[in-house]
Structures are given as structure tokens and as C-alpha cells.
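Below is a short note for a colleague who has not seen this structure before. Please read the points in order.

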Amino acid sequence: MSRGAHLATGLRRTGVLAAVWLALTGAAPDALAAGALALALAVPLSLVLLAPAPHPVRLARFAALAPGFLARSFQGGIDVAWRALHPDLPIRPGWIEFPTRIEDGPARLIFGSEISLLPGTLSAGSEDGALYVHALDASGEVEGSLRPREDAMARAFSQPRAGGREEGS
């Protein structure tokens, strides 16, 4: 990663951490010196512990994932409740190997976490470009329902989408 990208990431992190410090201290003048020292230590440490990502997060696109996630959580909760209360208990649990196009790293981790938070599915690991997902109904179209979520997450993290297209191409 270029020196300019490191500098830009450092400046963004400085701004975010400074805003958090000011919010926590109420911008008290007597806390500014301690805040400056904390920033001088925290920002370089953050760059060592969490190197700048090769694919920047697009915050607006990432935030745009929330309404759909909430809607699917609600729909999934109703579905799980219906299955649990149905006299025939219509579940066909099983494992699905979901080949993902999202690179290993934060985007894949967050995508797996999103899968796990949705009722009826649980991401239980990742290996060789695939996520291992446990589903209450493995006979259904789990992969088909996950693919659009994967594409949205890839867009939020500036990664190639299904079919290898990158945003803007």
C-alpha cells in the first residue's frame, strides 16, 4: 500500500478518534492535552494493528445494508417461529458449502456474521474460498438468498462482485 494511502487512513482515523475523544470529554479544555497524547499514541498503533485495507469501506453503502438486514431479520424470525410452532415441525437442517467471492478479511468476517445473525442460518467457518453455513432448511434456496447479500457486502467493501465486476466498471 502506498505512503499516501497510509497517510489518508491515518488522517481519517485521527479525525474519528478525535471526535470520539471530544464527545466523551465534552470538549473540556483540560482534557485536550491528554487527548492529543492519546491520539499521538493510538493512531500509529492502530495502523500497525489494523493495516489500511486494500479495498476501502464505502460507509454509505455499508449503512445502506442495515434496512435490508433488519427486514430479513424480522421475516426470518417469523419463519423460525412458524416452523417451531407448526405441528409437523417443517425443518430439514443441514450444512451448505457456500462458495464466496469476498476476499478473506474484514468483509468476509462481517458477511459471515450477518449470515449468523439472520434466523435460520449460522455461518460456522470459512476455508478455501467457501463459507460453511448451517441452515434450518438446507433443501431450500439458501445459496440463492445469500448471493445478493454477498454482492451488497462486496460493493460496501469495494470488492469485485458476482461475475468479477468491480464497482464503476
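Which helices each supply at least two residues of the lining of the second largest pocket? Helix 4 (65–85) and helix 6 do; point 6 returns to this pocket.

1. Basis. This is a predicted model, in which local features need pLDDT of at least 70 and side-chain atom pairs count only at pLDDT 80 or more, while totals for chains, interfaces and linings use all residues. Residues are numbered from 1 along each chain as its sequence is written, and side-chain values use heavy atoms, with hydrogens and water left out. Helices (H or I, at least four residues) and strands (E, at least two) are DSSP runs, numbered from the N terminus.

2. Three strands make up an open sheet with the order 1-3-2 and antiparallel pairing; two strands pair if DSSP finds at least two bridges between them. Strand 1 (94–99) and strand 2 (121–127) are the edge strands, each with a single partner strand, so one side of each has no neighbour in the sheet. From one strand to the next the twist averages 25°. Here axes are lines fitted to C-alpha atoms, for helices over the stretch in contact, and angles run from 0 to 180 degrees between N-to-C directions.

3. Strand pairing. Strand 1 and strand 3 are joined in the antiparallel sense by six bridges, and glycine 94 stands opposite alanine 135 in strand 3. Strand 2 and strand 3 (residues 130–135) also run antiparallel, joined by five bridges. Serine 126 has leucine 131 of strand 3 as its bridge partner, and leucine 122 has histidine 134 of strand 3. The hairpin of strand 2 and strand 3 has two residues between the strands, and aspartate 128 in this hairpin takes a positive phi near 50°.

4. Helices on the sheet. Which strands does helix 5 touch? Helix 5 (residues 106–117) packs on the sheet and touches strand 1, strand 2 and strand 3, with its direction at about 155° to that of strand 2. Contact means heavy atoms within 4.5 Å. Helix 6 (residues 142–156) also packs on the sheet, touching strand 1, strand 2 and strand 3, and its direction makes about 40° with that of strand 1.

5. The ring centres of phenylalanine 98 and phenylalanine 111 lie 6.1 Å apart with the planes at 45°, so the pair is tilted. Rings of Phe, Tyr and Trp (its six-membered ring) pair if their centres lie within 6.5 Å; planes under 30 degrees apart count as stacked, over 60 as edge-to-face and the rest as tilted. Phenylalanine 98 is in strand 1 and phenylalanine 111 in helix 5. Phenylalanine 98 is buried at 0% relative accessibility, and phenylalanine 111 is buried at 0% (buried means under 20% relative accessible area, with a 1.4 Å probe and protein chains only). Threonine 9, in helix 1 (residues 3–25), counts as buried at 9%.

6. The pocket. Helix 4 gives the most to the lining of the second largest pocket, with five residues. Of the 18 lining residues, those closest to the pocket centre are Asp79, Pro119, Thr121, Val142 and Ser145. On a 1 Å grid over the protein atoms alone, a pocket is an open set of points where a 1.4 Å probe fits, with protein on both sides within 12 Å along at least five of seven lines; lining residues have an atom within 4 Å of a point.

Methods: Buried < 20%, exposed > 50% of the residue type's maximum accessible area, 1.4 Å probe, protein only.
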